Amino acid sequence: MQPIIVGREGNQRMPLKDVAGVSKKHCIITDNLDGTFTLEDKSRFGTFINGIQVVQAQITPETVLQLGPQFKVKVADLLPKLPPAPAPEFSLKPLRAVWEEYNQRKLAIQAENAKKANQQRYQGLFSTLGMVAGIVPGIPMEIRIVCVVASLALCVFFIVRGTKTANSLPLQMQALDDEFRKRYKCPNPKCGRPFPLMHYDNIEFTPSCPSCKCKYTH
């Protein structure tokens with residue numbers, strides 16, 4: 001950035017043509033390229049910082065200058081407006097692995113619960129056969145009593161196990177979804193906005209984050 005001449009005929013951003021006590025070329029601000037600036041006073045009215053007159057000083061955009069006897073201005077208001085910084089870019093590719101792992105674990109949970117459901121059906125069949133055997137004529141009473149008791153015990157066991165299986169599936173899926181949402185999110189570390197439960201192939205067409213405005217690459 002070229003040195004900025006501050007004054008009524010300067011090239012600063014804020015117009016100072018009609019400000020009393022400000023010289024035509026009151027001071028010069030030079031960029032140090034490290035976020036600070038060097039101020040050089042060139043006026044006959046004086047330049048002040050915190051009430052102290054300075055001839056040369058290091059300043060920042062937040063420094064408040066007093067030009068002449070009373071006019072005060074922040075350095076940032078004298079500097080040219082900088083173009084907005086380009087939006088940061090982050091790749092969405094790591095989310096593909098998150099999505100694929102989620103689907104594999106979801107299918108595994110569903111397959112395990114389907115397996116348990118099939119076992120329930122077979123075990124229910126055995127229980128029914130035991131009950132039938134308990135009432136078939138010709139079988140000794142002792143054996144029939146054992147069959148009936150065993151069938152009743154199996155029924156109770158199947159009911160309890162079936163209830164646990166039915167209740168465990170929603171809990172397992174909820175835990176999986178909660179973990180997935182924590183990982184399936186905007187890759188900008190300063191944002192972390194979660195994506196909806198949508199297929200990775202669909203979020204690939206998302207150009208940017210609606211929250212932090214960062215750009216996505218694929």
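Where is Lys213 found? Lys213 sits in the loop between helix 3 and strand 10, the strand that spans 215-217. The model is predicted. The protein has 218 residues, of which 29% count as buried. Its secondary structure comes to three helices and ten strands. One cavity of 30 Å³ or more is counted.

**Overall layout**

- From the N terminus on, the order of elements is β-β-β-β-β-β-β-β-β-α-α-α-β.
- Contacts between residues at least 6 apart in sequence were sorted by separation, and 43% of them join residues at least 24 apart.

**The cavity**

- A general point comes before the numbers: rolling a probe the size of a water molecule over the atoms shows where empty space is left.
- The largest cavity holds about 50 Å³ of space.
- Its lining is made of Val98, Glu101, Tyr102, Arg105, Leu176, Glu179, Phe180 and Arg183.
- Helix 1 (94-133) and helix 2 (141-183) each supply at least two residues of this lining.
- By residue class, the lining of the largest cavity divides into four nonpolar, no polar and four charged.

**Ile59, a buried strand residue**

- Ile59 belongs to strand 6, which covers residues 56-59.
- Ile59 counts as buried because its relative accessibility is 0%, and the cut-off for buried is under 20%.
- Not counting residues up to four places away in sequence, Ile59 touches Ile29, Thr36, Phe37, Leu39, Ile49, Leu65 and Val75.
- One of these contacts, Leu39, is 20 residues from Ile59 in sequence. The C-alpha atoms of Ile59 and Leu39 are 6.7 Å apart in space.

**Buried residues in loops**

- Gln12 lies in the loop between strand 1 (4-6) and strand 2 (27-31).
- The relative accessible area of Gln12 is 9%, so Gln12 is buried.
- A polar atom of the Gln12 side chain lies 2.8 Å from the backbone oxygen of Met14.
- With neighbours within four places in sequence left aside, Gln12 is in contact with Ile4, Ile5, Val6, Gly7 and Leu78.
- Asn188 is another loop residue, found between helix 2 and helix 3 (200-203).
- Asn188 counts as buried because its relative accessibility is 8%.
- Phe90, Cys212 and Cys214 are in contact with Asn188, leaving aside neighbours within four places in sequence.

- As background, most residues other than glycine have a negative phi.
- Asn50 is not a glycine, yet has a positive phi of about 55°.
- Asn50 is placed in the loop between strand 4 (47-49) and strand 5 (52-54).
- With a relative accessible area of 74%, against a cut-off of over 50%, Asn50 is exposed.
- Lys213, the residue of the opening question, is found in the loop between helix 3 and strand 10. Lys213 also has a positive phi, near 70°, and is a residue other than glycine.
- Lys213 counts as exposed because its relative accessibility is 54%.

Key: Residues are numbered from 1 along each chain as its sequence is written. This is a predicted model: local features need pLDDT of at least 70, side-chain atom pairs count only at pLDDT 80 or more; totals for chains, interfaces and linings use all residues. Side-chain values use heavy atoms; hydrogens and water are left out. On a 1 Å grid over the protein atoms alone, a cavity is a set of points where a 1.4 Å probe fits but cannot get out, and a pocket is an open set with protein on both sides within 12 Å along at least five of seven lines; lining residues have an atom within 4 Å of a point. Grid points are joined across faces, edges and corners, and a volume is the space filled by probe spheres set on the points. Helices (H or I, at least four residues) and strands (E, at least two) are DSSP runs, numbered from the N terminus. Ala, Val, Leu, Ile, Met, Phe, Trp, Tyr, Cys and Pro count as nonpolar, Asp, Glu, Lys and Arg as charged, and the others, Gly among them, as polar. Buried means under 20% relative accessible area, exposed over 50%, partly exposed in between (1.4 Å probe, protein chains only). Contact means heavy atoms within 4.5 Å. A polar contact is a pair of N or O atoms within 3.5 Å; within protein, one must be able to donate a hydrogen and the other to accept it, and residues adjacent in sequence count only if both atoms are side-chain atoms.
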